[in-house]
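Subject: The structure, and what turned up in it

Hi,

Here is the structure I promised to pass on. Please open it alongside this message, and have a look around before you read my notes.

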Amino acid sequence: MSSIESTSGVSVPMSITHLQENAKAEREISMIIDNFLYLGGELVEEEQIEELQRLGIKRVLNMAANCDDELWVRRFNSAEENAAAYLKVGLLDHVDQDLKEGLEKAIKFIGSSKDPVYVHCQAGKSRSVATVIGYLIQGQGWPLKRAYDLVVERRRIMSPNIGFVSQLIMLEECILGQEKAGGLVNSMEDSEEVNPTLRTTIIP
């Protein structure tokens, strides 16, 4: 196995370094709509909570069945009057997971908010990404390609599963009509060419 030398002079296997970099990318908070809609991974560190506070984020939407957000709930959602600040929609990251019911709840939650919203799943790659794209299509009337391109520009590690992508294509057709729906023609290929300097991400 090949290795690289870390800043401390210790040789570290490249696969380990890659995993560390990927884990760091998952913890990044990516701003999708300026000062309103943010996307990222599970809240497991106090630093992430502090970063959300710094950004003025007061609402959290959890799209993952396997994430509990104990840090956030314990700090901000203990009182009944703060119940509207947190919503868990328990989706699984499976190709046969139906998005419809969960997406309706998520879009209503985001659309009703006057405060910044943080949407996440476990890694901020699939379930939360599909949710944000779905919101842009249904809540804002965006074409799928425009929504997809924005999210991949702002969060390079995004990777919604093919089942979610298929459902988003159908959602676009339902919302915009078949004549205006363009699907994801060229978006998958073009996403690799997006200038990484255009990413708008906040790193805790």
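First, how to read the values. This is a predicted model, so please keep in mind that local features need pLDDT of at least 70 and side-chain atom pairs count only at pLDDT 80 or more, while totals for chains, interfaces and linings use all residues. Residues are numbered from 1 along each chain as its sequence is written, and side-chain values use heavy atoms, with hydrogens and water left out.

**The chain as a whole**

The chain has 8 helices and 8 strands. Helices (H or I, at least four residues) and strands (E, at least two) are DSSP runs, numbered from the N terminus. Of its 204 residues, 45% count as buried. Buried here means under 20% relative accessible area, exposed means over 50%, and partly exposed is in between (1.4 Å probe, protein chains only). A contact means heavy atoms within 4.5 Å. Among contacts with a separation of 6 or more, 71% come from residues 24 or more positions apart.

**The cores**

In soluble globular proteins, nonpolar side chains tend to be buried together. I used "nonpolar core" for a set of buried Ala, Val, Leu, Ile, Met, Phe, Trp, Tyr and Cys residues joined through side-chain atoms within 4.5 Å. The largest such core has 36 residues, and L61, I133 and V151 touch the most other members. Two or more residues each come from β4 (37–40), β5 (59–64), β6 (86–91), α4 (100–111), β7 (117–120), α5 (127–138), α6 (144–154) and α7 (162–176). The biggest share, 7 residues, is from α5. Another core lies apart from this one; it has 13 residues, including I29, L43, L52 and L55.

Leaving out residues up to four places away in sequence, L61 touches L87, V89, A106, F109, I110, V117, Y118, V119, H120 and T131.

How many of the 12 residues of α5 are buried? The count is 11, so α5 is largely enclosed by the rest of the structure. Among these buried residues are R127, S128 and T131, along with V129, V132 and I133.

**Single residues**

I57 sits in the loop between α2 and β5 and counts as buried, at 3% relative accessibility. Beyond four places in sequence, I57 touches Y38, L52, W72, P116, V117 and Y118. I57 and Y38 are 19 residues apart in sequence, with their C-alpha atoms 8.6 Å apart in space.

Most residues other than glycine have a negative phi. N35, in the loop between β3 (29–33) and β4, has a positive phi near 60°. D69, in the loop between β5 and α3 (70–76), has a positive phi of about 55°. N35 is exposed, at 57% relative accessibility, whereas D69 is buried, at 2%.

**Cysteines**

With a disulfide taken as a pair of cysteine sulfur atoms within 2.5 Å, the count comes to 0. C67 is buried, at 0% relative accessibility, while C174 is exposed, at 64%.
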